[in-house]
Amino acid sequence: MLFLVAALLLLGIVVGSAAYLPWPVTVVLGTVIAVWLLVFAARERRRRGTRRA
């Protein structure tokens, strides 16, 4: 859960600073955070799926 909060906080910072950062930097940081969130979601889904079985 802490990873999710940190990722969303970083996403908010990147979106807020998008007007000041060059667009390639914003795109790279946004992509990194999106991948981080996808990995988190996949791990949580896999962990919850194995617990039910």
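Of the 53 residues in this protein chain, 13% count as buried. Buried here means under 20% relative accessible area, exposed means over 50%, and partly exposed is in between, with a 1.4 Å probe and protein chains only. Please keep in mind that this is a predicted model, where local features need pLDDT of at least 70, side-chain atom pairs count only at pLDDT 80 or more, and totals for chains, interfaces and linings use all residues. Residues are numbered from 1 along each chain as its sequence is written, and side-chain values use heavy atoms, with hydrogens and water left out.

Now the surface. The chain exposes about 4500 Å², and carbon and sulfur atoms supply 74% of that area. Accessible areas come from the Shrake-Rupley method with a 1.4 Å probe, and for residues only the protein chains shown count as cover.

What about the fold? The chain has two helices and zero strands. Both kinds of element are DSSP runs numbered from the N terminus: helices are H or I with at least four residues, strands are E with at least two.

Let's visit helix α1, residues 2–16, where we find leucine 9. Leucine 9 is exposed, at 56% relative accessible area. Together with Leu10 and Ile13, Leu9 forms a nonpolar patch on the surface, with about 280 Å² of accessible area. Patch residues have over 30% relative accessible area and no salt bridge; like charges are joined within 9 Å, and nonpolar side chains (Val, Leu, Ile, Met, Phe, Trp, Tyr) within 5 Å.

Leucine 11 also sits in helix α1, and at 29% relative accessibility it counts as partly exposed. Which distance separates leucine 11 and valine 32, C-alpha to C-alpha? They are 9.7 Å apart in space, yet 21 residues apart in sequence.

Threonine 31 belongs to helix α2 and is partly exposed, at 43%. A polar atom of the threonine 31 side chain lies 2.7 Å from the backbone oxygen of valine 27.

Last stop: how many salt bridges does the structure hold? There is one, a salt bridge being a side-chain nitrogen of Lys or Arg within 4 Å of a carboxyl oxygen of Asp or Glu. Arginine 47 pairs with glutamate 44, and their closest N and O atoms are 2.8 Å apart. The two are three residues apart in helix α2 (residues 23–52), so about one helical turn separates them. Arginine 47 is partly exposed, at 38% relative accessible area.

Technical notes:
A polar contact is a pair of N or O atoms within 3.5 Å; within protein, one must be able to donate a hydrogen and the other to accept it, and residues adjacent in sequence count only if both atoms are side-chain atoms.
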